[in-house]
Amino acid sequence: MRQGSGGQAVIRFRAAGVSLLLAHLLLVGWLTLRPLDVPWMTAANLQPFAGIKADLSLGPVAAARHIGKELLLLAPLGVLLPLAGGRLLVSPWASLTRTVAAGALISLAIELGQTGVPGQVVDVDSLFLNTVGVGLAHVLIVPAWRSRLRRREQQQGHSLSGHGHERPRTSPGTAASHAHGHVSQGSTPTISRVGIAP
């Protein structure tokens, strides 16, 4: 990768991505793995889509709030994971697959960690919704972001090549002498006339 302004931009984005990724994971860990003091708890949901059906039965507002919360919890990973990777030339499908797989593994680790945390309930639908949120965020943002960075890098490369390979200008006489195989020795010096002393 060219280490020009485009390469430096990728390095800056990658450093920012790593920092934001760590901050987001710390926030998610605090939200999902801290003990909660609750008067009662629902049973763990290990049946796929049972939790989503229960949310939908509460009405559109409550369902949108509960389902949207699960979709948004890990959605930033869909952008932060590719950003931390810092790759521009990569297959969109390969990038989506890796990002979704990483999001699913992180969500699975959270669900497994919640089994031993008081007040936290394990829900298999959370794993599904978290993973879908990661994939949606990736599809909506990452391809356009990478395309924009690639265009910027190509524009920087064209501008540098245009300034670095400018041909010197030659006069018509010099061009003609080069065409006939003669090498010009420069212009003939002239001597100013000196008047004869009286």
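## Overall fold

How many helices and how many strands does the chain have? The chain has 7 helices and 0 strands, where helices (H or I, at least four residues) and strands (E, at least two) are DSSP runs numbered from the N terminus.

A word on the source: this is a predicted model, in which local features need pLDDT of at least 70 and side-chain atom pairs count only at pLDDT 80 or more, while totals for chains, interfaces and linings use all residues. Residues are numbered from 1 along each chain as its sequence is written, and side-chain values use heavy atoms, with hydrogens and water left out.

## Inside the chain

Of the 198 residues, 30% count as buried, meaning under 20% relative accessible area with a 1.4 Å probe, protein chains only.

Leaving aside residues up to four places away in sequence, Trp145 touches Phe13, Pro82 and Leu83; a contact means heavy atoms within 4.5 Å.

## Contacts along the sequence

Now for the chain as a whole. Among contacts with a separation of 6 or more, 78% join residues 24 or more positions apart.

Definitions and conventions. Buried means under 20% relative accessible area, exposed over 50%, partly exposed in between (1.4 Å probe, protein chains only).
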